Amino acid sequence: MVSTSEHPPSPLFSSPAPEGAPGYLERLNPEQRAAIETTDGPLLVLAGAGTGKTRVLTTRFAHILLSGHAKPWQILTVTFTNKAAREMRERISFLLGEPVEGLWLGTFHALCARMLRRHAEYVGLTHGFTILDTDDQLRLLKQVMEPWRIDTKRWPAPGLMGVIQRWKDRGLTPARVTDTEDSDFADGHARAIYTAYQTRLRELNACDFGDLMLHVAEILRTRPDVLDQYHRLFRYILVDEYQDTNTIQYLWLRLLAKRTGYPSNICCVGDDDQSIYSWRGAEVENILRFEKDFPGAQIVRLERNYRSTQHILGAAAGLIAHNDGRLGKTLRSGKDDASGEKVLVTGVWDSEAEARAVCDAAASFHAKGQSLAEMAILVRAGFQTRAFEERLVQTGLPYRIVGGVRFYERAEIRDAMAYMRIVNQPADDLAFERIINVPKRGIGPAALQKLHAAARARQVPLAAGTQALLDEGGLKGKMAAQLATLMNALSTTRDILTREGHVVAVEHLLEESGYLDMWRNDRSIEAPGRLENLKELVRALSDFGTLGEFLDHVALVMEHDENAGDAKLSLMTLHGAKGLEFDTVFLPGWEEGVFPSQRTLDEGGLKGLEEERRLAYVGITRARKHALIFHADRRRIYANWQPSMPSRFLDELPDEHIVRKENGAAPQQRLNMTDSVFANGPLTTRRRQDPMLADANTASFQLGDHVRHPRFGVGIIISADRHHLEIAFESGDTKRLLSSFIEKI
């Protein structure tokens with residue numbers, strides 16, 4: 001039960017508020033002060049980048065307490081991260097001059113866990129329920145899937161877990177998943193497995209992370225008595241980063257804020273122009289419909305930016321103004337020295353020149369006294385980091401990867417490198433151990449021990465011992481068949497390496513080993529990015545004469561001293577940069593298909609385009625003093641250079657705030673926003689589909705199609721089967737090749 005008087009009196013209220021307490025309002029600008037002093041009714045604070053939203057939120061909390069409107073435990077304050085919650089708690093204590101106990105302040109999930117402990121019996125649990133981590137969730141789901149005999153290669157458990165969690169993020173219990181909401185995943189059994197999974201969780205007195213909010217929302221929807229208790233408890237609700245809320249978070253907040261007989265004292269702080277997380281369920285519409293959800297709501301716009309120069313803000317404002325789905329505000333500088341330099345837009349000849357130009361500019365800023373810690377390279381996709389990492393190592397500039405790992409340390413890259421190593425050096429037991437069960441081939445610890453014993457008995461490397469066991473019939477069943485496929489892929493790859501070179505050999509190996517199919521069939525959010533990284537890895541191979549040279553190069557790059565000095569240039573994705581700021585920001589890759597992302601445009605259409613534009617806005621507004629944008633005239637896809645079209649976003653930047661510089665780039669015709677590419681039907685750009693991201697079949701090809709291969713050039717398809725194409729090339733050669741590495745022209 002929730003009691004409105006269960007908390008002990010706070011020392012804060014044992015005496016009147018300190019004399020002169022309103023002094024905390026004196027340093028605020030008029031808009032910030034209005035956001036703090038508007039305490040009655042629903043309030044939306046549109047807080048642009050760098051306008052002091054955290055200060056407003058914490059000062060508002062303190063103001064509600066100091067003005068006597070509520071006790072500390074009568075304010076529900078919601079953040080998106082534990083770090084933000086800790087920072088807010090510390091700021092509130094500082095403003096009040098003493099610690100404050102009994103706060104309902106934390107992340108959505110932390111607050112819901114606290115609520116669920118009180119009311120667990122309403123959803124079939126007890127208050128001592130266990131919250132499962134990711135590994136336990138997957139282990140349980142695999143057990144639940146067994147009766148359906150699901151092909152886990154085609155429908156892997158992590159993919160099904162993703163489907164279930166998306167249902168939970170949308171507030172859908174198994175009973176609420178309608179036919180239109182259902183998924184064809186797991187041969188159409190996803191909804192039934194979801195039901196069984198939830199039943200098993202209750203039997204174990206457990207819940208997963210998604211259940212924390214789902215269960216509490218269900219309790220509030222079905223138990224009016226519980227909802228009324230919280231309505232009486234929470235006099236005020238404060239929400240940070242409202243633009244990032246998903247459906248279940250939105251529903252939970254609405255249930256708590258819509259108080260019959262009580263005013264809806266909910267204050268949401270957010271920025272519709274910085275909603276960039278739709279891929280993890282965020283709904284920008286939540287903030288756009290705030291006035292509809294809460295009639296009579298007041299809106300306060302925080303538009304004075306205390307971070308960036310006026311040219312940076314002007315460029316960002318001009319760009320984001322092209323979005324239709326926004327409430328509208330225009331940032332202006334609140335700094336006295338706001339003029340600064342214009343945003344520099346540089347065109348370079350190719351992607352390699354781009355890496356040189358960015359790193360040379362960083363070195364130049366550093367030579368002039370700017371700390372590397374105040375610089376950042378912000379890329380749209382993780383695969384872009386490779387070229388910059390290698391150039392930074394060559395120039396000796398210390399760097400750090402923020403929110404991720406270095407390119408050659410990523411799991412999928414390490415796997416692919418292990419495949420290459422065992423081809424290049426058959427005695428590399430460590431490499432063979434890494435790939436022998438990736439993808440899954442049923443090789444458990446006992447089977448691996450048997451293979452090691454066979455190798456030791458014959459005094460040969462592990463791979464050779466495995467082949468000997470296969471030849472002698474020492475392995476049986478499905479495991480033997482899958483190992484035979486692997487060993488055959490390694491053998492044929494070595495033949496191709498001798499005849500056709502390392503680029504074609506590695507393409508063949510990643511395809512025939514099943515490694516690419518493993519990621520194609522993975523339905524997780526990360527899978528497409530991993531495929532992009534593998535594509536970039538294959539592209540990097542073409543810079544070297546042999547596979548051995550490439551492996552040596554990577555070994556040297558990996559020896560880069562991570563402890564070389566304290567100040568390091570930051571290298572990260574645009575998504576990872578939200579909430580951060582730097583003196584100088586480099587923004588490379590502003591080309592159609594890269595930024596805006598082709599995949600986002602294909603999947604999201606005009607809505608996806610607007611989110612990409614918001615991401616560009618976030619990138620520019622990370623800069624305090626210098627923003628440098630780069631675009632390349634061409635990029636290499638595998639061994640071939642392909643022309644790139646400058647991003648449409650470049651034409652949307654106001655001329656009065658930018659300087660354009662062509663640094664060896666050939667002139668290009670930019671995409672005109674009035675073109676009819678998205679006037680009817682889904683939004684697309686004029687880039688070909690990435691061959692590695694396509695399905696591994698020949699359905700999209702026809703006899704007579706003109707195609708291109710990265711090594712053999714242009715040719716015509718003369719025959720095809722499910723995975724292979726026979727192509728007559730202009731050189732006079734005829735080759736039978738995997739379709740995954742062929743593209744139409």
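1. The model contains an open sheet of 6 strands in the order β3-β2-β6-β7-β1-β8, with parallel pairing; two strands pair if DSSP finds at least two bridges between them. The edge strands, each pairing on one side only, are β3 (104-107) and β8 (298-302). Direction ignored, neighbouring strands of this sheet are turned by 15 degrees against each other on average. Helices (H or I, at least four residues) and strands (E, at least two) are DSSP runs, numbered from the N terminus.

2. Two sentences on the basis of the values follow. This is a predicted model, in which local features need pLDDT of at least 70 and side-chain atom pairs count only at pLDDT 80 or more, while totals for chains, interfaces and linings use all residues. Residues are numbered from 1 along each chain as its sequence is written, and side-chain values use heavy atoms, with hydrogens and water left out.

3. Within the sheet, β1 (residues 43-47) and β8 run parallel and are joined by 5 bridges. Leucine 43 has glutamine 298 of β8 as its bridge partner. Helix α2 (residues 53-66) lies across β1, β2 (75-79), β6 (236-239), β7 (266-270) and β8, and runs at about 165 degrees to β6. Axes are lines fitted to C-alpha atoms, for helices over the stretch in contact, and angles run from 0 to 180 degrees between N-to-C directions.

4. An antiparallel pair is formed by β22 (residues 724-729) and β23 (residues 734-738), with 5 bridges between them. Leucine 725 has leucine 737 in β23 as its bridge partner. The hairpin of these strands has 4 residues between them, and glycine 732 takes a positive phi near 105 degrees there.

5. Glutamate 612 belongs to helix α26 (residues 598-620). Its relative accessible area is 2%, so glutamate 612 is buried (under 20% relative accessible area; exposed is over 50%, partly exposed in between; 1.4 Å probe, protein chains only). Not counting residues up to four places away in sequence, glutamate 612 touches Arg380, Phe595, Pro596, Ser597, Thr600 and Phe649, where contact means heavy atoms within 4.5 Å.

6. Histidine 502 is placed in helix α21 and counts as buried at 9% relative accessibility. Its C-alpha atom is separated by 6.3 Å from that of threonine 546, 44 residues apart along the chain. Neighbours within four places in sequence left aside, histidine 502 is in contact with Leu497, Leu541, Phe544, Gly545, Thr546 and Leu547.

7. The second largest pocket holds about 1300 Å³ of space. Among its 38 lining residues, Thr152, Lys153, Pro439, Lys440 and Met518 are the closest to its centre. Helix α20 gives the most to this lining, with 5 residues. By class, the lining has 14 nonpolar, 11 polar and 13 charged residues. Ala, Val, Leu, Ile, Met, Phe, Trp, Tyr, Cys and Pro count as nonpolar, Asp, Glu, Lys and Arg as charged, and the others, Gly among them, as polar.

8. There are 2 cavities of 30 Å³ or more. On a 1 Å grid over the protein atoms alone, a cavity is a set of points where a 1.4 Å probe fits but cannot get out, and a pocket is an open set with protein on both sides within 12 Å along at least five of seven lines; lining residues have an atom within 4 Å of a point. Grid points are joined across faces, edges and corners, and a volume is the space filled by probe spheres set on the points. The second largest cavity has about 40 Å³ of space, and its lining divides into 2 nonpolar, 2 polar and 4 charged residues.
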